[in-house]
Amino acid sequence: MKQFLDDNFLLETKTAERLFHDYAKQMPIIDYHCHLPPQQIAEDAQFKNITQAWLYGDHYKWRAMRTHGVNERYVTGDATDEEKFLKWAETVPYTMRNPLYHWTHLELKRYFGIDEILNGNTGAAVYKEVSDKISSKEYSVRNLLRNMNVKVVCTTDDPADTLEFHQQIKADGFEIPVYPAFRPDNAMNVSAPETFAAYVKKLEAVANVSISDLDTYLQALKSRHDFFAEMGGSVSDHGLEYIDAADYTEAEIRAIFSKIFSGKALNAEEQVQFRSAMLVWFAEWDHEKGWVQQYHVGALRNNNSRLLAKLGPDTGWDSIGDFPQGRALSKFLNGLEKNNRLAKTILYNLNPADNELFATMAGNFNDGTVAGKVQWGSGWWFLDQKNGMIDQMNALSNMGLISHFVGMLTDSRSFLSFPRHEYFRRILCNLFGNDIENGELPGDIEWTGKIVRDICFNNANEYFGFGAANS
């Protein structure tokens with residue numbers, strides 16, 4: 001029986017062990033999509049205890065605690081940080097076979113050198129030991145990034161964000177570049193006139209543009225897109241249920257904008273037309289600048305209306321959706337491609353039933369100008385676990401070229417999530433190692449090791465044009 005979380009965790013063969021330890025393990029990290037707060041990086045924040053770093057805002061853990069029957073007071077309520085941690089510690093033994101069990105113990109081991117299994121009996125001692133460490137300067141957020149060999153971070157930012165903290169990070173000369181990623185979901189949200197009006201006012205203030213019609217609205221957004229580029233941004237991102245690709249004319253979009261700008265509600269067809277037009281404009285701006293655009297699609301959000309009203313969004317009430325994806329996605333990408341305005345693109349799906357659809361859709365729009373120009377991205381959110389990663393990599397291997405895959409990202413709000421890259425790399429090496437030992441691939445370890453290193457770091461570094469050092 002193998003020991004839990006030993007040096008060869010998740011590695012089933014000697015070849016897999018060699019690929020991981022000799023080729024993957026030492027590769028730096030490019031986190032090209034995450035939700036880390038740039039303010040905490042700018043201020044080089046120090047957490048007072050492990051709960052602040054580990055449980056604040058982590059709806060993965062919150063969902064597990066609720067499922068275990070933990071009262072909301074210990075999840076998002078007024079319990080002390082230590083009480084919340086102890087309730088999480090009591091929950092951990094019941095998360096077996098959930099990725100949280102692996103992530104929890106990987107993070108304790110990699111950041112804090114703790115090999116002990118977290119549970120109700122060990123929780124108090126672990127809380128004290130880890131809190132003592134994480135509250136010290138050695139564990140400030142910048143040092144946490146350094147310790148994990150992170151070379152680039154791309155945060156996720158609304159066009160109306162000031163980017164003041166990115167400016168502060170840059171001015172400080174912090175050696176790890178922290179770039180903003182343009183996330184204009186709110187700019188396309190025309191579901192309610194009052195919400196849209198509030199967003200327009202916020203955008204006007206930050207862009208210093210008086211918005212009165214569609215042209216000035218686009219002018220304000222384009223000026224923000226330009227400013228993101230000035231701050232080093234070269235990535236956009238969208239979080240959508242599905243791609244909107246309705247037919248429209250510019251005259252129709254002008255009329256739709258005027259209608260909601262005057263405070264009148266749009267019907268469903270008008271909302272789809274507006275979102276469709278905005279997606280195209282954003283994509284064209286990305287192409288003009290040579291950016292990479294990312295589309296995260298398939299989440300069915302905010303399902304629990306009672307608790308959503310009490311706690312707000314992003315608190316654990318989202319699930320996989322079953323939206324039709326193929327036809328509209330094809331129409332959107334094809335519309336950009338036929339006008340030669342399709343930027344480098346990464347597609348992420350949340351419904352595993354769409355795996356092969358997305359893998360083959362990406363291949364439709366690779367034109368030979370860039371290796372892996374249109375990518376099918378790594379397992380996302382609910383698929384960011386062992387089986388989800390294996391299924392994604394197997395489908396990508398079968399339908400495309402995994403050798404040009406840009407690899408893993410954290411998609412996390414926590415500075416303690418970077419061992420997810422190690423988790424991914426172990427699974428990757430195990431797949432290749434098993435194929436070699438089964439005789440399905442030749443035993444050319446040097447070549448296979450090169451492919452592994454490329455997927456871990458080099459492909460993303462080249463694809464995004466970061467120019468980060470491979471050391």
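What is the volume of the largest cavity? It is about 80 Å³, and the legends below describe this cavity and other close-up views of a predicted model.

**View 1. The largest cavity and its lining.** The structure holds three cavities of 30 Å³ or more. The largest cavity is lined by Trp-54, Asp-58, Tyr-60, Lys-61, Leu-100, Trp-103, Thr-104, Glu-107, Ser-412, Ser-414, Ser-417 and Arg-420. Two or more of the lining residues come from each of helix 4 (59-67) and helix 6 (99-112). Helix 6 gives the most, with four residues. Sorted by class, the lining of the largest cavity comprises four nonpolar, four polar and four charged residues. Two of the lining residues, Tyr-60 and Arg-420, also form a contact of charge and ring: Arg-420 lies over the face of Tyr-60, at 5.3 Å from the ring centre.

View 2. Three strands, in the order 1-2-3, make up an open sheet with parallel pairing. Strand 1 (29-31) and strand 3 (178-179) are the edge strands, and each pairs on one side only. Two bridges connect strand 2 (residues 150-154) with strand 3 in the parallel sense. Across this pairing, Val-153 stands opposite Val-178 of strand 3.

View 3. Strand 4 (residues 181-182) pairs with strand 5 in the parallel sense over two bridges, and Ala-181 stands opposite Val-235 in strand 5. Strand 5 is joined to strand 6 (residues 292-297) by six bridges, and these two strands run parallel. Within strand 6, Gln-293 is the bridge partner of Ser-236.

View 4. In strand 5 (residues 235-240), six of its six residues are buried. Val-235, Asp-237 and Gly-239 point one way from the strand, whereas Ser-236, His-238 and Leu-240 point the other way, and all are buried.

**View 5. The aromatic pair of Trp-380 and Trp-381.** A pair of aromatic rings is described by the distance of the centres and the angle of the planes. The count for the structure comes to 27 aromatic pairs. Among them is the pair of Trp-380 and Trp-381, which is tilted, with 5.8 Å from centre to centre and 55 degrees between the planes. Trp-380 and Trp-381 are both buried.

View 6. Tyr-32, Tyr-179, Tyr-463, Phe-464 and Phe-466 form one aromatic cluster. Which residue has its charged end over the ring of Tyr-463? It is Lys-344, whose charged end sits 5.2 Å from the centre of that ring.

Terms used: Residues numbered from 1 in each chain as written. Predicted model: local features only at pLDDT ≥ 70, side-chain atom pairs only at ≥ 80, totals over all residues. Heavy atoms only, no water. Pairing = 2+ DSSP bridges. Phe/Tyr/Trp six-rings, centres within 6.5 Å; stacked < 30°, edge-to-face > 60°. Buried < 20%, exposed > 50% of the residue type's maximum accessible area, 1.4 Å probe, protein only. Lys NZ or Arg CZ within 6 Å of the ring centre and 35° of its normal. 1 Å grid on protein atoms, 1.4 Å probe; cavity = no way out; pocket = protein on both sides within 12 Å on 5 of 7 lines; lining within 4 Å. Points joined across faces, edges and corners; volume = space filled by probe spheres on them. Nonpolar A, V, L, I, M, F, W, Y, C, P; charged D, E, K, R; others polar.
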